[in-house]
Amino acid sequence: MSEQQLQASKQQITNQVKDYYSNSLNSSADLKTSACCPAQAPPGYLAPLLDNIHPQIKDSFYGCGSPLPLAAEGCTVLDLGCGTGRDVYLLSQLVGETGEVIGIDMTDRPLDIARSHIDWHCDRFTYANPNMRFKKGNIENLTSCGIKDNCIDIIISNCVINLSPDKEAVFKEIYRVLKPGGELYFSDVFADRRLPANLQQHKVLLGECLGGALYQGDFDLMMRKVGLTDHRIVSKRPLTVEDKTLHALTGSTQFYSVTVRSFKLRFEPRRENYGQFARYLGTIIHSPDSFALDQQLQFKAEVPVSIDGNTAMILNHSRLAQHFKVHGETELHYGRFDARFDAPADGKLTTASTATSGSCC
Ligand SMILES: C[S@@+](CC[C@H](N)C(=O)[O-])C[C@H]1O[C@@H](n2cnc3c(N)ncnc32)[C@H](O)[C@@H]1O
């Protein structure tokens with residue numbers, strides 16, 4: 001395919017998506033699949049915040065997860081593909097009046113709905129001034145929306161990147177605009193394989209976030225290529241295609257809704273063991289007893305947990321640093337990180353392999 005043909009095909013996908021979100025959907029009741037609606041109830045602490053959201057905004061929410069990170073007070077957050085703005089209005093409450101949330105979308109219709117409720121939400125949140133803005137633009141080119149280099153603390157996105165015909169451009173822009181130590185935290189649809197071209201362009205499959213689903217293998221490489229070299233799975237749940245016609249097309253392909261987090265930091269290519277451990281101080285609002293960095297790594301308040309060098313980097317150099325005490329440096333290396341390490345109460349580390357002695361056997 002020539003460069004010209006490639007650009008034309010990308011533009012066609014963008015136009016198709018824009019048309020879907022302008023003309024085919026009025027509310028989540030119009031969706032033909034369940035990909036763009038989270039099956040799980042959002043975390044409990046969000047319930048009172050959701051009560052503060054206008055009904056029209058809640059009815060026109062098409063996300064597939066809850067990419068709403070904790071410890072966001074005072075942060076500047078960017079929502080890529082904000083739609084009618086449900087997550088922007090939730091984050092507006094999480095960042096508080098000193099923070100800022102910018103929603104970006106390429107389609108006028110959802111943006112008009114989002115903007116029409118700014119005053120209503122400011123009254124509801126008792127904010128003197130709006131801390132949220134909605135901008136029109138393409139997430140592949142954030143410069144066109146005036147987003148400068150290294151200026152965003154957190155980027156979220158809910159069921160949007162799959163819709164982009166140029167995902168690598170989106171991740172490059174994410175890397176560019178994040179501050180050092182900033183975080184990408186997004187939910188999206190993944191598939192266990194690359195879909196054939198006819199499914200990628202199918203009007204409903206594309207519009208409802210299945211046709212452009214990210215293939216994990218390609219995603220991992222793309223993230224590394226743009227510089228986001230360590231990403232973590234926060235949650236993952238399978239999606240089902242109930243519609244018989246669509247199911248016949250997708251066959252045995254397994255789709256997932258996945259929430260991923262990654263930080264703009266200089267990581268090592270692999271997780272290495274320097275004998276470090278960390279304690280969560282219990283200071284994050286809405287989560288005083290425990291904090292989950294990802295599916296595997298859960299911290300209970302004040303309990304030391306053994307961590308690899310990259311995790312130490314996150315806990316020392318991101319906005320999470322004020323909520324953790326990391327013990328140990330990186331001058332001594334003990335090989336590749338092994339999750340079997342446990343930190344006992346006296347702080348001295350032991351492993352399953354060191355608990356029983358024995359050399360040369
Ligand atoms: C599935 S909806 C999700 C909307 C919103 N995140 C939510 O959770 O309700 C996808 C949205 O992404 C927008 N979108 C898709 N591709 C885009 C792109 N390349 N640039 C900007 N917006 C895009 C669409 O206009 C649509 O509003």
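User: How do the residues of the shell around the ligand divide into nonpolar, polar and charged?

Analyst: The shell comprises twelve nonpolar, seven polar and two charged residues. Here Ala, Val, Leu, Ile, Met, Phe, Trp, Tyr, Cys and Pro count as nonpolar, Asp, Glu, Lys and Arg as charged, and the others, Gly among them, as polar. Please note that this is a predicted model: local features need pLDDT of at least 70, side-chain atom pairs count only at pLDDT 80 or more, and totals for chains, interfaces and linings use all residues. Residues are numbered from 1 along each chain as its sequence is written, and side-chain values use heavy atoms, with hydrogens and water left out.

User: Which residues come nearest the ligand?

Analyst: Tyr62, Gly81, Asp105, Thr107 and Glu140 come nearest, out of 21 residues around the ligand.

User: What lies 2.6 Å from an N or O atom in the side chain of Asp105?

Analyst: That atom of Asp105 is 2.6 Å from an oxygen atom of the ligand. A ligand oxygen atom also lies 2.8 Å from a backbone N or O atom of Tyr62, and a nitrogen atom of the ligand lies 3.2 Å from a backbone N or O atom of Met106.

User: And how much of the ligand does the protein bury?

Analyst: The protein buries 99% of the 590 Å² that the ligand exposes when taken alone. Accessible areas come from the Shrake-Rupley method with a 1.4 Å probe; for residues, only the protein chains shown count as cover.

User: Changing topic: how many aromatic pairs does the count come to?

Analyst: The count comes to twelve aromatic pairs. Rings of Phe, Tyr and Trp (its six-membered ring) pair if their centres lie within 6.5 Å; planes under 30 degrees apart count as stacked, over 60 as edge-to-face and the rest as tilted. Tyr280 and Phe324 form a tilted pair, 5.3 Å centre to centre with 40° between the planes.

User: Where in the chain are Tyr280 and Phe324?

Analyst: Tyr280 is in strand E9 (residues 276-280) and Phe324 in strand E13 (residues 324-327), 44 residues apart. Strands (E, at least two residues) and helices (H or I, at least four) are DSSP runs, numbered from the N terminus.

User: What sort of pair do Phe299 and Phe324 form?

Analyst: Phe299 and Phe324 form an edge-to-face pair, with 4.9 Å between centres and 70° between the planes. Phe299 lies in strand E11 (residues 298-300) and Phe324 in strand E13, so this pair ties together parts that are 25 residues apart in sequence.

User: Is Phe299 buried or exposed?

Analyst: Phe299 is buried, with a relative accessible area of 0%. Buried means under 20% relative accessible area, exposed over 50%, and partly exposed in between (1.4 Å probe, protein chains only). Tyr280 is also buried, at 0%, and Phe324 is buried at 6%.

User: Why is helix H4 largely enclosed by the rest of the structure?

Analyst: Ten of the ten residues of H4 (residues 86-95) are buried, so the helix is largely enclosed. Among them are Arg86, Asp87 and Gln93. Gly96 follows H4 and has a positive phi, near 80°.

User: Which residue other than glycine has a phi near 70°?

Analyst: Cys159 has such a positive value. Cys159 is found in the loop between strand E4 (152-158) and helix H7 (167-177) and is buried, with a relative accessible area of 3%. Glu302 also has a positive phi, of about 70°, and is partly exposed at 42%.

Terms used: Near = heavy atom within 4 Å. Polar contact = N/O pair within 3.5 Å; in protein donor to acceptor, adjacent residues only side chain to side chain.
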